[in-house]
Amino acid sequence: MKNIPIALIYSRLLIGFIIIFLSFFHVNSYPILAITLLSVGLLTDVFDGIIARKLNISSEKLRRLDSSIDQVFFISVALATYIQCPDFFKSNLVKLIVLGAFELSTYVLSYVKFKKEIATHSIGAKIWTLILFATLIEIMVHCKSVVLFELCFWIGLATRTEILAIVFTLKKWTNDVPTIYHAVKLRQGKEIKRNKLFNG
């Protein structure tokens, strides 16, 4: 039972590589297969943490692993989507570079300050993941996205900015910090309440 969360985390890594494989070889019914696998990957991301907390085995190491594999998973899906829909990426190149730079900056700041990758698992980041999920599905189906992509871009910037603020605020590396408000309380040496189902 205690291996289930780790298995779910690593399954997401495998799913990401399978989606790239299917895209690269232009497999028939790729959108349906990719959306199905993307959905399964998202579910593993939801339930690995929930199960780990239920089994009382949620740890810093596990949360860091979860966060890192999340990145690889979504980069894999984005790469696969680029192979299928290169024109969308070319027409939105500037925004994608800006968004990618903000994402990268959160990791760079965390490594510079704490010598560890981020694992804040903030509420904002979870909301953005759902919007990113919906945006990727729209692109997979239509090779275009306007309203959803704009929403994904601006909320992505806002949530990355909050994560940067959280990392700046924390005195020591901490995983599962829901919001900047909670980061301020931690800096003041106060206890914070985390949702038992979704955070820590």
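These entries cover the pocket, then the rings.

I worked from a predicted model. I looked up the largest pocket and found about 1,100 Å³ of space in it. I noted 44 lining residues, and those closest to the pocket centre are Q71, F74, W128, T129 and L132. I then listed the elements that give two or more residues to this lining: α2 (30–54), α3 (60–84), α4 (86–91), α5 (93–114), α6 (123–142) and α7 (147–169). I recorded α6 as the source of the largest share, eleven residues. By class, I have the lining down as 26 nonpolar, nine polar and nine charged residues.

I have seven aromatic pairs for the structure. Y82 is partly exposed, at 36% relative accessibility, whereas F89 is buried at 13%. I checked F153 and W154 next: their ring centres are 4.9 Å apart with the planes at 75°, so this pair is also down as edge-to-face. F153 is buried because its relative accessible area is 5%, under the 20% cut-off. W154 is exposed, at 52%. I also noted one aromatic cluster, formed by Y82, F88, F89 and F149.

I found K95 over the face of F153, 5.5 Å from the ring centre. I found R64 over the face of W173, at 6.0 Å from the ring centre.

Conventions: Residues are numbered from 1 along each chain as its sequence is written. This is a predicted model: local features need pLDDT of at least 70, side-chain atom pairs count only at pLDDT 80 or more; totals for chains, interfaces and linings use all residues. Side-chain values use heavy atoms; hydrogens and water are left out. On a 1 Å grid over the protein atoms alone, a cavity is a set of points where a 1.4 Å probe fits but cannot get out, and a pocket is an open set with protein on both sides within 12 Å along at least five of seven lines; lining residues have an atom within 4 Å of a point. Grid points are joined across faces, edges and corners, and a volume is the space filled by probe spheres set on the points. Helices (H or I, at least four residues) and strands (E, at least two) are DSSP runs, numbered from the N terminus. Ala, Val, Leu, Ile, Met, Phe, Trp, Tyr, Cys and Pro count as nonpolar, Asp, Glu, Lys and Arg as charged, and the others, Gly among them, as polar. Rings of Phe, Tyr and Trp (its six-membered ring) pair if their centres lie within 6.5 Å; planes under 30 degrees apart count as stacked, over 60 as edge-to-face and the rest as tilted. Buried means under 20% relative accessible area, exposed over 50%, partly exposed in between (1.4 Å probe, protein chains only). A charge sits over a ring if NZ of Lys or CZ of Arg is within 6 Å of the ring centre and within 35 degrees of the ring normal.
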